Amino acid sequence: MSLLEVDGLTKKFGGLVAVDDFSFDVEEGEIVGLIGPNGSGKSTVFNCIMGLYDVTDGSITFNGDDITDDATHEVVNKGLSRVSQESNPIQEMPVAGNIKLFTLPNSIRSFYGGASEEEIYEYAARIDIEDKLHEMPSELPHADVRRLEIAKSLATEPELMLLDEPFAGMNQAEIAELADQIEGFREEGMTMIVVDHNMGGLMELVDRIVVLNNGDFLAEGTPEEIAENERVQEAYLAGEGL
Amino acid sequence: MSSATDRLSTATGRIDQSLQPLADVYNRLFGDYFGEMNGLQFVLIFGTAAALLTAPFWGNFGLVRAMTVAAIWAIFAMSWDIQSGYTGYISFGHSVLSGAAGYTTAMLIHNVNPELSMMITIPVSIFAALVVGLLVALPSLRLTGPYFSLITFVAVLIFYRLIPSFSQYTGGETGIQSVEVFTYAPVARYYYMVVPMLLIAVVLTLIARSNIGLILMSIRENEAAVNAAGINATKFKIFSFALSSIPMGIGGVLLVHFSGGVDPTTFIVVDRSIEMIAIAVLGGMSSILGPLGGAFFLIVLRDYILTDIANLGSSIRWTVFWALVLLVLVFARDGVFRKLWHGLDRIGGDRR
């Protein structure tokens, strides 16, 4: 049994078919790249998995559990977490408070639960922002704001993490560092899906790549196979290239 | 500006330092639950509490009466704050909650049995406020954006129109004026209002400073992030409304036993809901104690200073009331008492 099984996923917005009968599986311990030109439906797939959109057709199974119709908080509590493309920390709270929110139990009776300061420090240390815990999000440079998003996601203790364009807006040194950290998460036993529109940052990192084009499955294979694949190159020729 | 603050803080810092040991005892015992404070803030909080509890010994009749009314409105404003101020889902209809409690008491006495004991009418009335609160919250808080506010607004309009439609039970426009008051003795009556108010202030502050408050505030700032944290934002929004309904019910019961009756103008009309918002905004939204301060400030000003001292007519008093609210909205949107609190933090001694 795969950790995540997406089967025949279809999402329509009115007459527009954003994702059309798309299927893919993710095995435990894998890092899968999900790529495709802009507008190919990658983020829509993530939104469907995370329960942000109602799925038009098809099913999503996680750990053998049907999560197709689950609300976002239920999906998260089952062990899935997403690092979204937009950074949206709560500006009124320092980094530590933003992380703490993601450790709070979903209970109206829990007045003082959630992570201790040491635990928050540990989450932050896994992505190297442990020395920024008392800074406000608005004081952080872009790369640290992105790291905060990952720390928040780590704080929900996910088994499977969805990373939506984690390298966007980062320079080469930052990309290399983040790729190392993602590799580190895998060694700790985490499974990941990384979305990107080009393959640059993914080649070294992922075990397998799934290509999405116009909401449809296009190809699947190792990074080398995908780089050679003519249909993938054709799809990208219309856009900006691999 | 900053040099003036610096000069001021060399003087006030010394006062603060001398008060710090007192504040530290408090911080050690309660800091984790209510937040820490410096010496000056300690004096503000406990000085205010002491002043409130001793008001009949230093205030005259007019002032104590105004403060009695203010205590009830402080309950309304704090209750509104834990829901609207914290979650950002602004309710324009909180008077239906206090109205539900007040009308339940009066209608039980008027229609069921004039001899009914307060031991029965009070819990039933508070429960009625909770039921009405859930009736408003359950359908509306699943929606996002302005729809929630509009629904709360419509709820007041419906409640207001229902009263004359069932006038044989509700007393129509003139209401029901046969409710027993707690007491006519002004001093005892003051304590009937101010003690529950202080208890509600403590409980709501405790909740606001806990994880619950953190989640409610996060809903206001970024509801999607709350869901992404594995927390059911809708559940917490509905909980905040229920949490608000109970003290609203208590306030409604106090008001009906203060005025000895109910009528739509005193309890229901949308003006009452807007006044709760105005008081909370003037004091400082999402701080609980800010709205408490706002209530005493505005109502003592309106009912005592402008009435007994300045001898102004009702229209002028209300104009001053709303003009002040407008000034705060334009120049001190965080609220007067939040500004005061942070000011004391700045001019206090260096704690680090």
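Two residues are in contact if their C-beta atoms, placed from the backbone, lie within 7 Å. The views below come from a predicted model.

**View 1. Chain A meets chain B.** Chain A brings 19 residues to this contact, and chain B brings 18 residues. On the side of chain A, helix α2 (residues 72-77) supplies the largest share, 4 residues. Sorted by class, that side of chain A holds 8 nonpolar, 9 polar and 2 charged residues.

**View 2. The fold of chain A.** Chain A has 8 helices and 10 strands. Its C-alpha atoms fill a box of roughly 50 × 40 × 35 Å along the principal axes. A compact globule of 242 residues would have a radius of gyration near 18 Å, and chain A agrees because its own value is 18 Å.

**View 3. Inside chain A.** Of the 242 residues in chain A, 40% are buried. Now take the contacts in chain A with a separation of 6 or more: 64% of them join residues 24 or more positions apart.

**View 4. Two domains in chain A.** Domain 1 covers 1-79 + 158-242, and domain 2 covers 91-157. The C-alpha centres of these two domains of chain A lie 25 Å apart.

**View 5. Where domain 1 of chain A touches domain 2 of chain A.** Domain 1 gives 10 residues to the contact, and domain 2 gives 8 residues. On the domain 1 side, α2 and α6 (172-187) of chain A are the elements that give two or more residues. Of the elements on this side, α2(A) gives the most, with 3 residues. By class, the domain 1 side has 5 nonpolar, 4 polar and 1 charged residues.

Notes
Residues are numbered from 1 along each chain as its sequence is written. Chains are lettered from A and ligands numbered from 1 in the order in which they are written. This is a predicted model: local features need pLDDT of at least 70, side-chain atom pairs count only at pLDDT 80 or more; totals for chains, interfaces and linings use all residues. The radius of gyration is taken over C-alpha atoms; the globule rule is 2.2 Å times the number of residues to the power 0.38. A residue is buried if 20 or more other C-beta atoms lie within 10 Å of its own, exposed if 12 or fewer, and partly exposed in between; C-beta atoms are placed from the backbone. Ala, Val, Leu, Ile, Met, Phe, Trp, Tyr, Cys and Pro count as nonpolar, Asp, Glu, Lys and Arg as charged, and the others, Gly among them, as polar. Domain bounds come from an automatic or database domain assignment.
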